[in-house]
Amino acid sequence: MKIYIRATGNISPQKTFGHQFLTESLEHTGDRLTCVEPDYKDIIDVKLIRRMSRIIKMGVASAIECLKESGVAIPDAITTGTAYGCLEDTGVFLTKMVEHNEELLTPTAFIQSTHNTIGAQIALMLQCHNYNNAFVHRGFSFESALLDGMMLLLEKEANNVLVGGIDEITNISHTILKRMGLYKREAISNLDLFTTNSKGTIAGEGAAFFLLTNQSSVNDYAVLDGIHTFYKPATIKETEQQILSFLSAQSINVGDIDLIITGRNGDSRNDEVYDQLQKSIFTTHRLINYKHLCGEYPTSTAFALWTAANIIKTASIPTAISNEISKNKLKKILIYNQYQNIHHSLLLLSAC
Amino acid sequence: MKSTVFVAGIGAISAIGNNVAECLTALENEAAGIGDIHHLQTVHRNKLPVAEVKLTNEELALKAGLSSTISRTALLSMVAAKEALDDAAIENISSLRTGFISANSVGGMDKSEDFFAEFLANNTKGKLRNVVNHECGAVTELVSDKLGIKNYITTISTACSSSANAIFLAARLIKQNMLDVVVAGGTDALTKFTLNGFNTLMILDQQLCKPFDENRKGLNLGEGAGYVVLVSEKVAASLKKDVYCELSGYANANDAYHQTASSPEGTGSFLAMTGALEKSGLQPSDIDYINLHGTGTQNNDIAEGTAIKRLFADHYPKMSSTKSFTGHTLGACGGLEAVFSALAIKHSIIYPNLRLETPMVDLPFVPERKLVKNVPVKNVMSNSFGFGGNCSSLIFSKL
Amino acid sequence: MDKLINDLKVQIIAQLNLQIKPEDIGDDQPLFADGLGLDSIDALELIVLLQQHYKIKLSNAEDGPKVFKSVKTMADYITAHQPKV
């Protein structure tokens, strides 16, 4: 059984909402890439919006865009992945709790802070009583949601699944993560992310949804061949082995891949893995990157998937991503993302 | 060919016991664990009853073999997960594809809320080590790292149905031949965040909760962790010890009615229970015991009760809410109650629903008020219904 | 009373994040169900509003529907129960 990516929806730090495929690349300077958001009043009922914080609006709007494109009114299942959850509401509730010493607190921020709120709000809006799950596991959050969705299709429990990856930056979260030394000390342009050889990356955020189905149609973006995640490999050899085993399980070898998209994030420590692989198993490929467009965040693989799916659909690579790749054949794309050598993800896509 | 998934090990820690044996003794002796707040530093001390685990973080850390400076949520998780793995006693586990699927609602919030107080006053203050494991997934990894599990690890957070969904996913991964053994369940420690959050919803009982009582006033929050070790048929066949039972049915549905309230007809509950029965191939009349979600809130109990009325019409099995013992342990309740379900099958017992004085007027059945022993308990349904309309039901069956 | 009613409208809009103006809420307009369409979460928010702005504690959530029927009933309740300074 093949799994098709029928539709997508993406709100990101680039102009991606409304199915725009990176016709221009937006420059952000500083250590933080924030999303280009639509006017939500055009997309979501005003009466519902008042109860939605920013991340929920982002998630719901991109889910709606995806469903519209798919022609599916009510999906057979909804799975979401978010590592940080609804940070804004968490921060609001915590702040009030501290400032008012646990008195006079109101419920809205608390209710909205729960990690399954995005998926739940989508179900509520659609009156979708079907399977609904939410994953909150760091750099595997989106991948877990994707695997769950793919399994439902393979198990024939669903014919289509809406899968999303969402994470946001808030002032509070950014301050804390910055203190942890994750980001560049100096202000840089995101477009120079891979040329400044220094520690730290840039923060990003985004909400991307996909409608996966086991029934093909003329409008499908691509086939999602497979997914594999692995955790804290002990050596680079183990990393290579995991990647090669994944490809072998897909009955291909490295030479069959037309394009490799990596999660290089401009942090010289983090990117060592990609440097090593470029010299070993990926030596015959040029690796292209995506995090200069969306920043680094735990569910960024969703942005990479969106990018890869669009590359296959349009049979082209926008210059925002790269203008150095031969565009002869773009039928098999491997996405490889890893963060601090802890969470490694592999996704393989093919043309339909 | 339909493959089967078995429960080979169980582990638990809650307000009624620091391990499975202690929890079982308490259940048999009608000894609830709900009372005054001792560990949590909150203005609600002496006002709101909760079901705390009766150990300090230092004591938990010793049991867990982890540092006492890490989140209580992780400590509870480690204690229960380790007990479950030891109980399963799988000799060649290092050669098997092993997963850890955990669940919790607010991750390491117990530490983050302490950090936050200092941070708010001055954002250069507050110990970073208190927030480095804030994320739900970070708590899971503290435990999976200690247990040495890395083939597949993930965390689910769907409010009160979280750990039921974790167990459900684990079964599917085994059936899809992606894993051979999975430790699955959930954990949650009491935090000011959740205590205050639930308080704003005005669904906390200021006395001990009375699930399924006509005059119930709300729930009592609890903490704890519960895990099962699920194994494939092949692994089960290699074990020296008997397995507890089979996970024969499971389903996940969404109420899609309101962010926190259940629909009066209990739509999500009905769909989850129906789906679990379909998956198991059983009829409603085959269920011997329902471990109710039974939080004690006005809303849940009538919604769940109405759904049961619809589904089981006239063939009402025995049922009870063990939350009358353990309080509502949020992300842990599905896991904890899965452990209790397995024990009910093994020991042929049905737990009492404590403090039920006046049966609910609108329901044609009454949960068991006394412990029932030596009855056939072949099929147990365990319900977990949460905020966001996330409803899940699991069915465990005797071999 | 008019000032109280107007203040209440402003406070309700702020507390519940409503995208309307005070003039859009009728004094006697039902706040819940068909009127302004508020729900049980909003009722809880209004309970806190009473406490925060008017120092009145509504400890029984079941009284909510009566008290919060309209802005006018809220104003009447506040006038009747406001603690004397």
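This briefing describes a predicted model, chain by chain and contact by contact. Local features need pLDDT of at least 70 and side-chain atom pairs count only at pLDDT 80 or more, while totals for chains, interfaces and linings use all residues. Residues are numbered from 1 along each chain as its sequence is written, and chains are lettered from A and ligands numbered from 1 in the order in which they are written. Chain B has 12 helices and 12 strands; helices (H or I, at least four residues) and strands (E, at least two) are DSSP runs, numbered from the N terminus.

**Chain B overall**

- The radius of gyration of chain B, taken over C-alpha atoms, is 20 Å, close to the 21 Å from the globule rule for 399 residues, so chain B is as compact as a globular protein of that length. The globule rule is 2.2 Å times the number of residues to the power 0.38.
- Along the principal axes, the C-alpha atoms of chain B fill a box of roughly 60 × 55 × 40 Å.
- Of the 399 residues in chain B, 66% are buried. A residue is buried if 20 or more other C-beta atoms lie within 10 Å of its own, exposed if 12 or fewer, and partly exposed in between, with C-beta atoms placed from the backbone.
- Among contacts in chain B between residues at least 6 apart in sequence, 78% join residues at least 24 apart. Two residues are in contact if their C-beta atoms, placed from the backbone, lie within 7 Å.

**Domains of chain B**

- Chain B is assigned domain 1 (6–238) and domain 2 (245–397); the bounds come from an automatic or database domain assignment.
- The centres of the two domains of chain B, taken over C-alpha atoms, are separated by 20 Å.
- In the contact between them, 62 residues of domain 1 of chain B meet 59 residues of domain 2 of chain B.
- On the domain 1 side, β1 (6–13), α1 (20–28), α6 (162–175), β4 (181–188) and β5 (224–231) of chain B each give two or more residues. The largest share of that side, 7 residues, comes from α6(B).
- That side of domain 1 of chain B holds 33 nonpolar, 20 polar and 9 charged residues. Ala, Val, Leu, Ile, Met, Phe, Trp, Tyr, Cys and Pro count as nonpolar, Asp, Glu, Lys and Arg as charged, and the others, Gly among them, as polar.

**Strand β12 of chain B**

- All 8 of the 8 residues of β12(B) (residues 390–397) are buried, so the strand is largely enclosed by the rest of the structure.
- N390(B), S392(B), L394(B) and F396(B) point one way from β12(B), and C391(B), S393(B), I395(B) and S397(B) point the other way.
- β12(B) pairs with β6(B) in the antiparallel sense over 8 bridges, where pairing requires that DSSP finds at least two bridges between the strands. N254(B) has N390(B) as its bridge partner in β12(B).
- β12(B) also pairs in the antiparallel sense with β11(B) (residues 379–385), over 7 bridges, and M381(B) stands opposite I395(B).
- The hairpin of β11(B) and β12(B) has 4 residues between the strands, and G388(B) takes a positive phi near 75 degrees there.

**Nonpolar core**

- The largest nonpolar core has 261 residues, and L212(A), V7(B), I167(B), A170(B), V228(B), L230(B) and A342(B) touch the most other members. Such a core is a set of buried Ala, Val, Leu, Ile, Met, Phe, Trp, Tyr and Cys residues joined through C-beta atoms within 7 Å.
- Helix α3(B) (residues 72–88) gives the most to this core, with 10 residues.
- Leaving aside neighbours within four places in sequence, the contacts of I167(B) include V228(B), L247(B), A338(B) and L394(B).

**Contacts between chains**

- 47 residues of chain B are in contact with 45 residues of chain A. α7(B) gives the most to the chain B side, with 5 residues.
- By class, that side of chain B has 18 nonpolar, 24 polar and 5 charged residues.
- H129(A) lies in the loop between α5 (117–126) and β4 (131–135) of chain A and counts as buried, with 21 C-beta neighbours inside 10 Å.
- Not counting residues up to four places away in sequence, H129(A) touches A253(B), N254(B), A256(B), T267(B), G268(B) and L271(B).
- The contact between chain A and chain C takes 8 residues from chain A and 11 residues from chain C. α4(A) gives the most to the chain A side, with 3 residues.
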